[in-house]
Amino acid sequence: MKKKLKWISVGLTALLGFFVVLFILKSGSKPVPPVAAPIVQDTIVPAKLLYDIEIDSFEVIQSTIKKNEFLANILLPYEINYGTIDALAKKSKPIFDVRRIAVGKNYTILVRKDSIRKADYFIYEIDAVDYIVYDLRDSIIIERKKRPIETKIQTASGVINSSLYQTLKESKANPYLAVKLADIFAWSIDFYRIQKGDWFKVIYEEKFVDGKSFGIGEIKAVEFNHFDKSFLAFGYDIKGKVEYYDEEANSLRKAFLKSPLKFSRLSSRFTMRRFHPVQKRWKAHLGTDYAAPRGTPIMATSDGVVIKSSYTRGNGKFVKLSHNSVYETQYLHMSKRNVKVGKQVRQGDIIGYVGSTGLATGPHVCYRFWKNGKQVDHLREDFPSAEPISPDIKEAFILKRDSLQANLDGLVIEQ
Ligand SMILES: [Zn+2]
């Protein structure tokens, strides 16, 4: 009997010891993250919530704003009077101006299931994410809310048969990626000239709202093979802004010179309205004037090709450059042009000399800038940095590049 007790006590001590060791081990190691329960789609009970509102007691009316439809047309039939609509519009102003309710937008009315059929809620969707809830039950309560956005890392790859857009569409990737890729490689690949057999691999973020794609997020990495040459782009966040670099940490961007003249005086800015000194009338000035002595060299503000080198009565002698599929620049009132159409120029090359040909009061260059075919004020453009990665963060960049490169290498190209 004694022996048996002894064995029980030994057994208990051992067991206790085991738990103590287990406890020490557990508390000594890092906390184990809880394992997420697998989401099983078909076991989800149908939600009785809509916009976080219990909808059991409501008739749900969902529609889109039609032409000439305003709050009054929508809400009057549901026992909401003009006074309430007016109060709602006033109260809503700091949150959402109801005059901005637009044709084609979705709205929902929650109508009480009784004989009166009064609207208790009006919900207006500003876009796929933002919506406004008007609680009309008592005093009006207005809330601006957001649907949760889920970001997923996606990959796409393909061999180009017709256009990049078409190839992306066929590979079931978001075709809007084509625009993003064209932008990243604007200075290295002419996307109007991509050819059959070019291929690409891309790692990117896609945003989802309610399981539906809501758009492309950040592009993480791209390999684009054009005429059998691979162009690589790795996204790297610098002070909250993602810039793209090649495998050697060089920026994929090419900067513009701030001005086409080395030394100059800004004499007239880009404006939609100015008094024209020669024509003596108010008109838009879609360029920036830099005054300098006649004969001062005018430089190409970035690499490009000459697409115009001619004369008109207004422009005088002028040169126009195309830099890539996005940017074009033009230089007016030259005394002499220095380049012919078709010539490739490098940033800083002299393309002409300051003069006052055409409609000009004195020697200056009128510098004009196009972005995607639209004239813009280059002084207000936020050009991406063209600097290579700075030495202090190069090591971190290399680490990120290597992991992204490994991911790219792992992608199988869909034929
Ligand atoms: Zn001008």
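Biologist: Before we start, what counts as buried here?

Modeller: A residue is buried if 20 or more other C-beta atoms lie within 10 Å of its own. Keep in mind that this is a predicted model.

Biologist: Okay, so which residues of helix H5 are buried?

Modeller: H5 covers residues 177–184, and its buried ones are Leu177, Ala178, Leu181 and Ile184. Looking down the axis of H5, you'd find those buried residues within an arc of 125°, so they line one face of the helix.

Biologist: And what do the buried residues of H5 pack against?

Modeller: Quite a list: helix H4 (164–170), plus strands E8 (149–159), E9 (199–209), E10 (212–226), E11 (229–238) and E12 (241–245).

Biologist: How many residues does the largest nonpolar core have?

Modeller: That core has 30 residues. Leu177, Leu181 and Ile184 are among those with the most contacts inside it, along with Val202, Val222 and Ala233. Two or more residues each come from H4, H5, E9, E10, E11, E12 and helix H6 (391–410).

Biologist: What does alanine 233 touch, leaving out residues up to four places away in sequence?

Modeller: Alanine 233 touches Ile184, Phe185, Ala221, Val222, Tyr244, Asp246 and Leu252.

Biologist: Where does H6 come in? Which of its residues are buried?

Modeller: Arg401, Leu404 and Leu408 are buried in H6. E9, E10 and E11 are included in what covers them. As for length, H6 has 20 residues and reaches 29 Å from its first C-alpha to its last, close to the 28 Å expected at 1.5 Å a residue.

Biologist: Switching topic: what's the strand order in the open sheet of five strands?

Modeller: The order is E3-E4-E5-E6-E7, and the pairing is antiparallel. Strand E3 (58–64) and strand E7 (141–146) are at the edges with a single partner strand each, so one side of each has no neighbour in the sheet. From one strand to the next, the twist averages 15°.

Biologist: How many bridges join E3 to E4?

Modeller: Seven, with E3 and strand E4 (residues 106–112) running antiparallel. Threonine 64, for instance, has asparagine 106 in E4 as its bridge partner.

Biologist: Zooming out, how many helices and strands does the protein chain have?

Modeller: Six helices and 24 strands. The chain has 415 residues, and 26% of them count as buried.

Biologist: What about contacts between residues at least 6 apart in sequence?

Modeller: In the protein chain, 60% of those contacts join residues at least 24 apart.

How values were computed:
Residues are numbered from 1 along each chain as its sequence is written. This is a predicted model: local features need pLDDT of at least 70, side-chain atom pairs count only at pLDDT 80 or more; totals for chains, interfaces and linings use all residues. A residue is buried if 20 or more other C-beta atoms lie within 10 Å of its own, exposed if 12 or fewer, and partly exposed in between; C-beta atoms are placed from the backbone. Helices (H or I, at least four residues) and strands (E, at least two) are DSSP runs, numbered from the N terminus. The arc is that of the directions from the helix axis to the C-beta atoms. Two residues are in contact if their C-beta atoms, placed from the backbone, lie within 7 Å. A nonpolar core is a set of buried Ala, Val, Leu, Ile, Met, Phe, Trp, Tyr and Cys residues joined through C-beta atoms within 7 Å. Two strands pair if DSSP finds at least two bridges between them. Axes are lines fitted to C-alpha atoms, for helices over the stretch in contact, and angles run from 0 to 180 degrees between N-to-C directions. The expected span of a helix is 1.5 Å times one less than its number of residues.
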